Amino acid sequence: MPDIGYLNGHFSSLAEIAISPDDRGFLFGDGIYEVIRAYHGVPAFWEEHYSRLVHSATEIQISFHLGPQDFYHLLLTGLQQSGYSDGKIYIQLTRGVAPREHGFPLNTKPTVFISFREMRVLPIETIKEGVKVITVSDIRWDRCDIKSLNLLPNVLAKQQAQEAKVFESIFVRDGLVIEGATSNIFIVKEGQLRTPERNHFVLSGVTQQQVINLAQEHGIEVKFDRITLKDLREAEEVFLAGTTIEVLPVVDVDGTAIRNGKPGPVTCALQQHFTELVSQL
Ligand SMILES: Cc1ncc(COP(=O)(O)O)c(C=O)c1O
């Protein structure tokens, strides 16, 4: 089955898509994106992803005119053309194509690009046994609530993780745990589930919100909190949440084992609830 691409109204095989060298996404990172997972042909949590796309676009003053239903229809069409029922959908919206000047160009239409690829899930042992993480200094800007294309600090942090032979880097700003380079983070402390408080320094995760909903439905108390590095290292449980990784146990932070290096009961229960939730989409 081919990977499919969509660019400004047209579907084709992904390999045939050509983006202008004057696209502001390419020149300036002047755009935003979303990653959505499709389970058995259904794009998951579309309303939530769409509303974050609108938030990101509004905050950087890109206006686009695809409503949630029309956009959803595009996603279904692309998925069907690709033939992938478990798909990874990437949406990128940029300020469009114009000669390189920093200020906004006049009369330029945004570029809408979407790719449809097969979802490659993590090995089952990784999902069951958990991963190691390191902490790194958060050198990003202070609007991380916008899912911007400017991912250089995230790229560098993920590379640092790879070189340290761990799965993820966790950003720490002013002594507080913020999120992973590509994920949100939860800890269990005193039996209570905690995740960093929401503000401009952190992306409000779609998966994070689903996990919070699931926890509350199952009687697990959840708190947005200021989580220190000490809280993280001494946590009873730690896990990551994200579209492509779902709920992923963390068993080691900076070389210190969490819970003797085994995923904990709250994490495993939420992992199970999440699997059930997406199987019913
Ligand atoms: C920096 C960052 N935080 C959090 C997340 C998780 O967000 P979501 O669950 O919406 O995929 C991502 C996902 O890519 C991310 O890049």
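Hi everyone, let's start with contacts: in the protein chain, among contacts between residues at least 6 apart in sequence, 69% join residues at least 24 apart. Two residues are in contact here if their C-beta atoms, placed from the backbone, lie within 7 Å.

Before going on, please keep in mind that this is a predicted model, where local features need pLDDT of at least 70, side-chain atom pairs count only at pLDDT 80 or more, and totals for chains, interfaces and linings use all residues. Residues are numbered from 1 along each chain as its sequence is written.

Now the overall picture. The protein chain has eight helices and 15 strands; these are DSSP runs, numbered from the N terminus, with helices being H or I of at least four residues and strands E of at least two. Its radius of gyration is 19 Å, close to the 19 Å from the globule rule for 281 residues, so the protein chain is as compact as a globular protein of that length. That radius is taken over C-alpha atoms, and the rule is 2.2 Å times the number of residues to the power 0.38. Of the 281 residues, 38% are buried. Buried means that 20 or more other C-beta atoms lie within 10 Å of a residue's own, exposed means 12 or fewer, and partly exposed is in between, again with C-beta atoms placed from the backbone.

Let's look at some strands, which pair if DSSP finds at least two bridges between them. Strand β5 (residues 87-94) runs antiparallel to β3 (residues 31-39), joined by eight bridges. β5 also pairs with β6 (residues 111-118), in the antiparallel sense, over eight bridges. Find T94 in β5: T94 is the bridge partner of G31, and T94 also stands opposite T111 in β6.

On to helices. How do α6 and α8 pack? The angle between α6 (residues 206-217) and α8 (residues 265-279) is about 105 degrees, and their axes are 10 Å apart. Axes are lines fitted to C-alpha atoms over the stretch in contact, and angles run from 0 to 180 degrees between N-to-C directions. α6 contributes Q210, V211, L214 and A215 to the contact, while α8 brings L270, H273, F274 and L277.

Finally, two loop residues. K165, between α5 (152-163) and β8 (168-173), has a positive phi of about 60 degrees although it is not a glycine. K165 is exposed, with 8 other C-beta atoms within 10 Å. E190, in the loop between β10 (184-189) and β11 (192-196), has a positive phi too, near 50 degrees.
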